Amino acid sequence: MKLEKVIEQPVIETPRIVLRPLRRSDAGLLDLYTGDERVARNTSTIPHPLPPGATEAFIARAQEPDRTEDIWALDGTRAGLSELLGVVGLERLEREQSEIGYWVAPAFWNTGIASEAVEAIAAANPQGARTLFGSVFQDNPASARVLTHAGFEYIGDAEAFSVARNAKVPTWTYIRRMS
């Protein structure tokens, strides 16, 4: 019998969702959602098609005690929704900075779930960052609205490689200074 590791990562509650560490039982829904090309194309790291074992490797990395990124599942069961609606992650950077990344399953797009999750992470500031960064692909203005709604300010254009697109994609970069 293999036991799951204990993850030192806070659980963050909002009115509709609970942001909790990923667990192995999330693999089925993660496979379903990240296997959707619409989700993969809006991230820099999710490949499409999703190779076998990618989800299990993602969960294992999220559970490593020496990880550089904390990843939370957006659990909607308290509102009668799915156990997994998407994920939000915070990657530790140098100089008390973190970068936020997130995606929500297409069935929950335009419901405010992503905004609720990003706002909750920023308010909790679980890594004690003085500055949060975020970037989104320019052809995904809904994700840009999530960041601006959560108090992030636009600071410039850049580009990032998208594994699913196998191409560099123009991005907008945002910053939020924490008090």
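Q: Is Tyr 154 buried, exposed or partly exposed?
A: This is a predicted model. In it, Tyr 154 has 46% relative accessibility, so Tyr 154 counts as partly exposed.

Q: What stands opposite Tyr 154?
A: Tyr 174, in strand 8. Tyr 174 is buried, with a relative accessible area of 6%.

Q: How many bridges join strand 7 to strand 8?
A: Nine, and the two strands run antiparallel. Strand 8 covers residues 167-177.

Q: And the whole sheet, what is the strand order?
A: The sheet is open, with eight strands in the order 1-2-3-4-5-6-8-7 and mixed pairing. Strand 1 (12-13) and strand 7 (153-162) are at the edges; each has a single partner strand, so one side of each has no neighbour in the sheet.

Q: Switching to rings. How many aromatic pairs are there in the whole structure?
A: A search finds two. Tyr 33 and Trp 103 make an edge-to-face pair, 6.4 Å centre to centre with 75° between the planes.

Q: Where in the chain are Tyr 33 and Trp 103?
A: Tyr 33 is in helix 1 and Trp 103 is in strand 5 (residues 97-104), 70 residues apart, and the pair links these distant parts of the chain. Both Tyr 33 and Trp 103 are buried.

Q: What about the pair of Tyr 154 and Tyr 174?
A: That pair is edge-to-face too, at 5.9 Å centre to centre and 70° between the planes. Tyr 154 belongs to strand 7 and Tyr 174 to strand 8, so the pair ties together parts 20 residues apart in sequence.

Q: Which ring does Arg 38 lie over?
A: Arg 38 lies over the face of Trp 109, 5.8 Å from the ring centre.

Q: Back to helix 1. Is Leu 32 buried or exposed?
A: Leu 32, which is found in helix 1 (residues 27-34), has a relative accessible area of 55%, so Leu 32 is exposed. The cut-off for exposed is over 50%.

Q: How far apart are Leu 32 and Pro 47?
A: They are 13 Å apart in space, C-alpha to C-alpha, and 15 residues apart in sequence.

Q: Last topic, the largest nonpolar core. Which residues touch the most other members?
A: Leu 22, Ile 100 and Tyr 102, out of 45 residues in that core. Helix 4 (residues 113-124) gives the largest share, seven residues. In soluble globular proteins, nonpolar side chains tend to be buried together.

How values were computed: Residues are numbered from 1 along each chain as its sequence is written. This is a predicted model: local features need pLDDT of at least 70, side-chain atom pairs count only at pLDDT 80 or more; totals for chains, interfaces and linings use all residues. Side-chain values use heavy atoms; hydrogens and water are left out. A nonpolar core is a set of buried Ala, Val, Leu, Ile, Met, Phe, Trp, Tyr and Cys residues joined through side-chain atoms within 4.5 Å. Buried means under 20% relative accessible area, exposed over 50%, partly exposed in between (1.4 Å probe, protein chains only). Helices (H or I, at least four residues) and strands (E, at least two) are DSSP runs, numbered from the N terminus. Two strands pair if DSSP finds at least two bridges between them. Rings of Phe, Tyr and Trp (its six-membered ring) pair if their centres lie within 6.5 Å; planes under 30 degrees apart count as stacked, over 60 as edge-to-face and the rest as tilted. A charge sits over a ring if NZ of Lys or CZ of Arg is within 6 Å of the ring centre and within 35 degrees of the ring normal.
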